[in-house]
Amino acid sequence: MIDGTMRAAPPTPRAPAGPGIGATLTDRRRPPLSSDHGVKTILRSAAARLVRARPLGKSPVNAYLRLNRRIWSHLTPSIMALTAARAYGAFLHRLVELRTARRQYFGTFFFRNRAQLRLVRKLAERRPVGSTFTMAFLGCSNGAELYSVLWTIRSARPDLRVISHAVDISEDILALAREGLYSLTSPGLVGEAIFARTTGEEAKAMFDAAAAGHQVRIKPWLQEGIAWHLGDAASEDILGLLGTHDMVLANNFLCHMDPPHAERCLRAIARLVAPGGHVVVSGVDLDVRTSVALDLRWIPVLDLMEDVHEGDPSLRNAWPWEYWGLEPLDKRRHDWRVRYASVFQLR
Ligand SMILES: C[S@@+](CC[C@H](N)C(=O)[O-])C[C@H]1O[C@@H](n2cnc3c(N)ncnc32)[C@H](O)[C@@H]1O
């Protein structure tokens, strides 16, 4: 854990762990196993059998997925909402998970999920006037998410003293984030059109033009109060390095880990959240997040939950065709409040 340029934030004083916005008592109980569980088990074993099958000495899975993808693109929203269609989608997604090796990506966007940004702002707005708000951004990539969040909070609450810690496991991408200099013409390491979700007005407010208009640089006031750390969010010493925070964001890197590793990492991340603080965690295997949230009795924040769930097209449109794809929200599930929340208050 190298390169921390500021000291770790001191532990935040213990705050009463009140319910998240709109959380209900029933969200806090571990629900009983239901028929969902039985269907899921059947689908999982059918997918595993299909992945192992070699009828003509060759796996039929890729051809099968290609054909299904073509058919799927013609389904209407009302057909897709049917229980059978969702179950079939889950089966296809399981096939994809089984045949794809997970690997890390740098992909990110400024203003990636507008609803999530609104919710983060609402939570920050509850802080007393003139107080300090400490945040940790894990898997910060080139800084697009971090600067979008900081701009959102600081524009809404200029009185808050926001202290941030940004962590990434890659030295190259962390250097980009720290420099805050972005090409307008080439996606570079990130491989995405990082400004595709940014309005002209936001760009003007956040960046200065650089290099004869081919690049833009984050305005210096947005870079104040950030400590940069090269490190592994899953490591044992991450708590000693970062301390605890009012809000910890851990978006879109846990999905690229195998589920057992992601679960260990998410439990380590939970220790970075001060009691009563919030964790923001999207882009993660939903079974992993649900199991950790239930086990640690996290309180789901229900405000804007559906908008946040739908808020990142890179995740929603990727289901069921990529392992990181996010399944449609299904209120018929007994555990839907915990399963589909991506912001939780911790006790
Ligand atoms: C897909 S990007 C997500 C960026 C941003 N959080 C977002 O949601 O747009 C994932 C980032 O997580 C970083 N990462 C992967 N594993 C990590 C780990 N164990 N600890 C810290 N960072 C990690 C990767 O290097 C990459 O920059």
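Q: In this predicted model, which residue in S7 is the bridge partner of Ala-136?
A: Strand S1 covers residues 132-138 and strand S7 covers residues 245-249, and in this predicted model the two pair in the parallel sense over 3 bridges. The bridge partner of Ala-136 in S7 is Val-248.

Q: Which strands are the edge strands of the open sheet of 7 strands?
A: The order of this open sheet is S6-S2-S1-S7-S8-S10-S9, and its pairing is mixed. An edge strand here pairs on one side only, and that applies to the strands at residues 226-230 and 299-300.

Q: At about what angle to S8 does helix H5 run?
A: Helix H5, made of residues 114-125, lies across S1, S7, strand S8 (273-280) and strand S10 (343-345). Relative to S8, the helix runs at about 160°.

Q: Is Ser-164 buried or exposed?
A: Ser-164 has its place in strand S2, residues 161-168, and beyond its neighbours within four places in sequence it is in contact with Met-135, Phe-137, Leu-146, Leu-150, Gly-225 and Ile-226. One of these, Met-135, is 29 residues apart from Ser-164 in sequence, yet the C-alpha to C-alpha separation is 4.7 Å. Because Ser-164 has 25 C-beta neighbours inside 10 Å, it counts as buried.

Q: Which residue in S5 does Asp-208 stand opposite?
A: A further open sheet has 3 strands in the order S3-S5-S4 with antiparallel pairing, and its edge strands are S3 (181-183) and S4 (207-210). The join between S4 and strand S5 (residues 215-218) consists of 4 bridges, the two strands running antiparallel. In S5, Asp-208 stands opposite Arg-217.

Q: How many residues of the shell around the ligand are charged?
A: The ligand is surrounded by 22 residues, the closest being Thr-108, Gly-139, Asn-251, Asn-252 and Phe-253. Divided by type, the shell has 10 nonpolar and 8 polar residues, while the number of charged residues is 4.

Technical notes: Residues are numbered from 1 along each chain as its sequence is written. This is a predicted model: local features need pLDDT of at least 70, side-chain atom pairs count only at pLDDT 80 or more; totals for chains, interfaces and linings use all residues. Two strands pair if DSSP finds at least two bridges between them. A residue is buried if 20 or more other C-beta atoms lie within 10 Å of its own, exposed if 12 or fewer, and partly exposed in between; C-beta atoms are placed from the backbone. Two residues are in contact if their C-beta atoms, placed from the backbone, lie within 7 Å. A residue is near a molecule or strand if its C-beta atom, placed from the backbone, lies within 6 Å of it. Ala, Val, Leu, Ile, Met, Phe, Trp, Tyr, Cys and Pro count as nonpolar, Asp, Glu, Lys and Arg as charged, and the others, Gly among them, as polar. Axes are lines fitted to C-alpha atoms, for helices over the stretch in contact, and angles run from 0 to 180 degrees between N-to-C directions.
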